Amino acid sequence: MHGYDLLVVGSANADLVIHVDRRPAAGETVLGSDLATHPGGKGANQAVAAARLGARTALLARVGDDAHGRLLTGSLTSAGVDTTGVLSGDAPTGVALITVDPSGDNSIVVSPGANARLTAKDVTGARELLEAARVVSLQLEIPLESVAAAVATAAEAGTRVVLNPSPPAALPPEVLAGCDPLVVNEHEARVLLGAKAGDTPEAWAAGLLALGPRSVVVTLGAAGALAATADGAVHIPSPRVSAVDTTGAGDSFTGALAWRLGAGDDLASAVRFAVRVGAAAVTKPGAQESFPTLEEVGQL
């Protein structure tokens, strides 16, 4: 019996957000809005997104013993995320510096802080959490060796792995082989494939599948997403919405996708639901604050 629909192993950051008329070029200074602080981090975002939809969700992460850490644990608890695996201390809470332009597009610089101290030993020490989950979702804002330990532990437990390689980095073959699916956007696909990337989502998916994951999902922003397996690929369009802020939209997509896969949906059905969740998330400012409930997704 699984105690959790989803365990997220990943980062927890405080998002420091400034809205600008345009993002600065190299060496340029621009004026922006008042600074706003929001709970974020790809791991915490995915956990909150899934919990808000109704998933039984837990997070394995590290935060600092500071105000930002307390902001994050409070947000996680309020959303219904089990924080048993949220470790505290050793370094300041991670911080993401985010600028958002009038179209809703963002640029992000991350200071990992405590996220960089989430070790492989922390992961293997949380084996009971991984064994209790239907799906484990991962990103790359924590050390790669910790990601590899989570994939290996999940494989031993028979737990499905969803991995978003963000920020993108070369992945060992054993990590790629455990992904079902590997979830990428265009930038991440091009980095992973290099000169062999090609120019279409179908080409990216085919190239990534050749690297070893069992399935691939390519997110395409307002154009939706592509779901691909060895049997073929299907494009799933996104509902038309007015984007306010894209911060965290990819995390809401991945959290929703992982939950629905654990609930038994096939890949295309899970992506179809996740596309709607991501579309709803961009209609509100912020990351975790923008994530929809199941009822709000139904109204979209």
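The accessible surface of the protein chain comes to about 12400 Å², and carbon and sulfur atoms supply 54% of that; areas here are from the Shrake-Rupley method with a 1.4 Å probe, and for residues only the protein chains shown count as cover. Before going on, this is a predicted model, so to speak of local features requires pLDDT of at least 70, side-chain atom pairs count only at pLDDT 80 or more, and totals for chains, interfaces and linings use all residues. Residues are numbered from 1 along each chain as its sequence is written, and side-chain values use heavy atoms, with hydrogens and water left out.

Overall dimensions next. The C-alpha atoms of the protein chain fill a box of roughly 50 × 45 × 40 Å along the principal axes. Of the 300 residues, 53% count as buried, where buried means under 20% relative accessible area, exposed over 50%, and partly exposed in between, with a 1.4 Å probe and protein chains only. Among contacts with a separation of 6 or more, 66% join residues 24 or more positions apart; a contact means heavy atoms within 4.5 Å.

The secondary structure comes to 11 helices and 13 strands. These are DSSP runs numbered from the N terminus, helices being H or I with at least four residues and strands E with at least two.

Take helix H5, residues 144–157. Its 14 residues reach 20 Å from first C-alpha to last, close to the 20 Å expected at 1.5 Å a residue; the expected span is 1.5 Å times one less than the number of residues. The buried residues of H5 are Ser146, Val147, Ala149, Ala150, Val151, Thr153 and Ala154. What do they pack against? Their partners are helices H3, H4 and H6 and strands S8 and S9. Just after H5, Gly158 takes a positive phi of about 75°.

Now the backbone exceptions. Most residues other than glycine have a negative phi, and most peptide bonds are trans. Asp90 has phi near 80°; Asp90 is in the loop between strands S5 and S6, and is exposed at 63% relative accessible area. Two peptide bonds to mention are cis: Ser166 to Pro167, with omega near -5°, and Asp180 to Pro181, with omega near 15°. Pro167 lies in the loop between S9 and H6, while Pro181 is in strand S10, residues 179–184.

Then the aromatics. How many aromatic pairs does the structure hold? There is 1. The rings of Trp259 and Phe273 have centres 5.9 Å apart and planes at 70°, so the pair is edge-to-face; rings of Phe, Tyr and Trp (its six-membered ring) pair with centres within 6.5 Å, and planes under 30 degrees apart are stacked, over 60 edge-to-face, the rest tilted. Trp259 is in helix H9 and Phe273 in helix H10, so the pair ties together parts 14 residues apart in sequence. Trp259 is buried at 10% relative accessibility, and Phe273 is buried at 13%. The charged end of Arg260 sits over the ring of Trp259, 4.7 Å from its centre; that requires NZ of Lys or CZ of Arg within 6 Å of the ring centre and within 35 degrees of the ring normal.

Last, Gln46, in helix H1. Gln46 is buried, with a relative accessible area of 0%. Leaving out residues up to four places away in sequence, Gln46 touches Val8, Ser137, Gln139, Asp251, Thr254 and Gly255.
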